[in-house]
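Okay, thanks for making time, everyone.

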Amino acid sequence: MSQHVNTQRREPLSRPNNADLQQPAGGPSSDAGGRVNQDNVPGAFRPGIVHLALAMGGFAIGIAEFATMSLLPFFAHDLHVSEPQAGHAISAYALGVVVGAPVIAVLSARMTRRNLLIALMGFFALMNGLSGLAPDYHTMLALRFLAGLPHGAYFGIAMLVAASLVPIDKRTAAVGRVLLGLTIATTIGVPLANGVGQAIGWRWAFAIVAGLALLTAILVLIFAPRDVANSNASPLRELSALRRKHVWLTLAIGAIGFGGLFSVYTYLASTMLAVTHVSPALVPVTLCVFGAGLTAGNIIVPRFADRALMATAGGLLLWSAATLALYPLAATNFWTLSADVFLIGLGGALATVLQTRLMDVAGEAQSLAAALNHSAFNVANALGPWLGGMAVAAGYGWTSTGLVGAGLALAGFVVWAIAVVLARREGV
């Protein structure tokens with residue numbers, strides 16, 4: 001099987017055309033993902049293998065992002081700082097994601113996507129490897145910020161590549177496969193990394209992430225089809241995404257509507273101990289159930305989204321509002337709590353759906369728009385816990401995070417409704 005296919009990337013389209021719809025189910029065609037043209041090279045690559053390689057990067061990123069939270073007490077002790085102070089390392093990583101996603105997407109506009117993915121994973125491997133060797137807190141803080149820089153850009157570009165290898169009516173499913181790496185990390189990778197960190201030291205967890213990131217770079221080098229840099233690409237063209245109101249509306253849906261999930265997830269362990277009154281040993285079990293919900297959502301939901309994209313997004317926001325509103329009632333019993341947490345996790349497929357929507361509304365600025373989606377979800381990651389924490393601090397109890405989350409999901413639905421009305425009026 002030859003992976004060295006010299007292909008020309010086509011300009012992205014906002015809608016499918018007749019040629020797209022006539023493509024065979026297994027072969028790529030032109031769509032808003034900026035796909036490469038493989039029509040005349042049957043068997044030159046296997047999209048499934050490429051998707052698996054890209055998902056491996058998501059697996060590494062998922063472990064790096066979530067395992068750090070669970071290992072916080074251990075590296076706080078070794079670096080001689082308090083746990084709240086050590087928590088700033090997590091904030092530094094999130095800041096790196098928010099800053100790095102748009103900056104890298106703009107500055108790398110003229111790079112081929114394959115080479116950019118390899119470079120991003122190489123840098124991610126290096127920064128996480130160095131994090132495991134950090135001699136003091138301030139070094140750790142700087143390294144976590146640097147490690148966060150490739151996060152959003154990698155996911156954005158990986159999803160564009162994944163979508164470029166399948167027919168237009170299977171884009172959301174392709175995007176979902178890349179995100180499966182992240183969701184499986186929350187189910188399997190994070191508990192394993194946490195176990196390794198507790199057994200032989202937290203620094204080894206970062207070593208595992210570095211190894212997985214390096215493996216991803218190698219897999220992309222071997223299996224991803226070669227693409228040709230677009231000679232018309234430029235930083236200014238990428239920045240054109242910022243002039244499109246439908247890009248901003250899509251980002252706002254995620255930044256607000258997705259915050260509810262993080263409002264509950266952040267305080268789930270505290271709720272289980274103080275309200276559900278379970279053994280601390282059951283907390284990881286429920287976290288795995290949440291990860292299973294995320295994984296199931298990214299397998300099931302894309303099938304509906306590829307038929308009715310915006311309707312699926314609206315349905316997910318209402319689903320999230322309902323399941324988050326049930327959280328205070330479910331939290332009193334371990335089994336009902338676990339069931340509700342699984343259902344909340346299903347709503348996490350919103351990230352996949354909105355990523356595909358951005359492909360349709362970003363025009364020529366595909367890379368920046370795709371990367372900004374992950375900046376938006378990190379805004380949600382900050383907004384949800386902040387508002388949830390305010391409710392708890394005001395004396396409304398740990399379960400109030402569910403009602404805060406429901407409110408955020410409904411607010412996201414309002415933004416969605418505005419976006420749908422404008423899209424119909426403007427034919428977008």
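Predicted model: local features only at pLDDT ≥ 70, side-chain atom pairs only at ≥ 80, totals over all residues.

Val 190 has a relative accessible area of 11%, and because the cut-off for buried is under 20%, it counts as buried. The residue is found in helix H8.

Now zoom out for a second. How many helices and strands does the protein chain have? We get 19 helices and zero strands. Of the 428 residues in the chain, 58% are buried. If you take the contacts between residues at least 6 apart in sequence, 83% of them join residues at least 24 apart. As for the accessible surface, that's about 16900 Å², with 69% of it belonging to carbon and sulfur atoms.

Back to H8, and its partner H7. H7 covers residues 137-164 and H8 covers residues 171-200, and their axes come within 8 Å, crossing at roughly 140°. The two helices are therefore oblique to each other. In handedness, the H7 and H8 crossing is right-handed. On the H7 side, the contact is made by Phe 155, Ala 158, Met 159, Ala 162 and Ala 163, while H8 brings Arg 171, Ala 174, Val 175, Val 178, Leu 179 and Leu 182. Sort those by class and you have ten nonpolar residues, no polar ones and one charged.

H7 has another neighbour to talk about, H6. Here the axes are 9 Å apart and the packing angle is about 155°. Angles over 145 degrees count as roughly antiparallel, so that's what we call H6 and H7. This crossing is left-handed.

Is Asn 128 buried or exposed? Buried, at 0% relative accessibility. Leaving aside neighbours within four places in sequence, Asn 128 is in contact with Ala 64, Arg 144, Ala 147, Phe 206, Val 209 and Ala 210.

Two more stops, further along the chain. Thr 323 sits in helix H15, residues 309-330, and Thr 323 is buried too, with a relative accessible area of 5%. Which residues does Thr 323 contact, leaving aside neighbours within four places in sequence? Those are Asp 340, Leu 343 and Ile 344.

And finally Ala 380, in helix H18, which runs over residues 366-396. Ala 380 has 0% relative accessibility, so it counts as buried. Not counting residues up to four places away in sequence, Ala 380 touches Gly 254, Ala 255, Phe 258, Gly 259, Phe 262 and Pro 385. Its C-alpha atom is separated by 9.5 Å from that of Leu 408, which is 28 residues apart from Ala 380 along the chain.

That's my tour, so over to you.

Notes. Residues numbered from 1 in each chain as written. Heavy atoms only, no water. Helix = DSSP H or I, 4+ residues; strand = E, 2+ residues; numbered from the N terminus. Buried < 20%, exposed > 50% of the residue type's maximum accessible area, 1.4 Å probe, protein only. Contact = heavy atoms within 4.5 Å. Areas by Shrake-Rupley, 256 points an atom, 1.4 Å probe, with all protein chains shown as cover. Axes fitted to C-alpha atoms, helices over the stretch in contact; angles between N-to-C directions. Parallel < 35°, antiparallel > 145°, perpendicular 65-115°, else oblique. Left-handed = near helix turned anticlockwise from the far one by under 90°. Nonpolar A, V, L, I, M, F, W, Y, C, P; charged D, E, K, R; others polar.
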